[in-house]
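Here are my notes on this one, as numbered points. Have the model open while you read.

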Amino acid sequence: MEIESRLEDDVLVLTPQEKRLDANGTVAFKERVHELSAGHGGRLLLDMVNIQFLDSSGLGALVAVMKSLGEGRELELSNCAPAVMRVLTLTRMDRIFLLRDGAASPHGTAA
């Protein structure tokens, strides 16, 4: 899976370039995020601007990424499409992930 990455201060911003995070791409997604974030101890923000569809497998991949961060670190999500927000809200995962409004700014406000 193609994921763009950039470092803004201590925040590693990862932007998946796919439109779907579903069963077909979760293994590649988790592997690529792990590769890009290896050795980074700061904040990790996923800019979901391109993701228009999230299924239970994709949600599981997000949880796996969050758990891989370790104790005391949160996975931050920004630019979630309405369909993605519905899944996060219905599963109450909107209470687990730190959600950001708008652009993937490391200093953005929480939703």
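Is Arg92 buried or exposed? Arg92 is exposed, because its relative accessible area is 54% and the cut-off for exposed is over 50%. Before going on, remember that this is a predicted model.

1. Staying with Arg92 for a moment: this residue sits in the loop between helix 3 and strand 7. Its phi is positive, at about 60°, although Arg92 is not a glycine. Most residues other than glycine have a negative phi. I'd look at that spot in your viewer.

2. You'll find Asn79 in the loop between strand 6 and helix 3 (82–90). Here the relative accessibility is 22%, so Asn79 counts as partly exposed.

3. Going through the pairs: strand 2 (residues 11–16) pairs with strand 4 (residues 43–47) in the parallel sense, over 4 bridges. In that part of the sheet, Leu14 stands opposite Leu46 in strand 4. Strand 4 and strand 6 also pair in the parallel sense, over 4 bridges, and Leu44 has Leu75 in strand 6 as its bridge partner. Strand 6 and strand 7 run parallel too, joined by 3 bridges. There, Ser78 stands opposite Arg100 in strand 7.

4. With a relative accessible area of 3%, Glu76 counts as buried, because the cut-off is under 20%. What do the side chains of Glu76 and Arg100 share? They are joined by a polar contact of 3.0 Å. Not counting residues up to four places away in sequence, Glu76 touches Arg43, Leu44, Leu45, Leu46, Leu98 and Arg100.

5. On to the pockets. How much space lies in the largest pocket? About 160 Å³. Its lining is made up of Lys30, Val33, His34, Ser37, Ala38, Gly39, His40, Ala64, Val65, Ser68, Leu69 and Arg73. Helix 1 (26–37) and helix 2 each supply at least two residues of that lining.

6. Leu7 is found in strand 1. Is Leu7 buried or exposed? Leu7 is exposed, since its relative accessible area is 56% and the cut-off for exposed is over 50%. Leaving out residues up to four places away in sequence, Leu7 touches Leu12 and His40. His40 is also one of the residues that line the largest pocket. Ala38 is another residue of that lining; the C-alpha atoms of Leu7 and Ala38 are separated by 13 Å, and the two residues are 31 apart along the chain.

7. Last one: Gln52, in the loop between strand 4 and strand 5 (53–54). At 42% relative accessibility, Gln52 counts as partly exposed. Which residues is Gln52 in contact with, leaving aside its neighbours within four places in sequence? They are Lys19, Ala81, Ala83 and Val84. Between Gln52 and Lys30 the C-alpha to C-alpha separation is 18 Å, and the two are 22 residues apart in sequence. Lys30, for its part, is among the residues lining the largest pocket.

Terms used. Residues numbered from 1 in each chain as written. Predicted model: local features only at pLDDT ≥ 70, side-chain atom pairs only at ≥ 80, totals over all residues. Heavy atoms only, no water. Buried < 20%, exposed > 50% of the residue type's maximum accessible area, 1.4 Å probe, protein only. Polar contact = N/O pair within 3.5 Å; in protein donor to acceptor, adjacent residues only side chain to side chain. Contact = heavy atoms within 4.5 Å. Pairing = 2+ DSSP bridges. 1 Å grid on protein atoms, 1.4 Å probe; cavity = no way out; pocket = protein on both sides within 12 Å on 5 of 7 lines; lining within 4 Å. Points joined across faces, edges and corners; volume = space filled by probe spheres on them.
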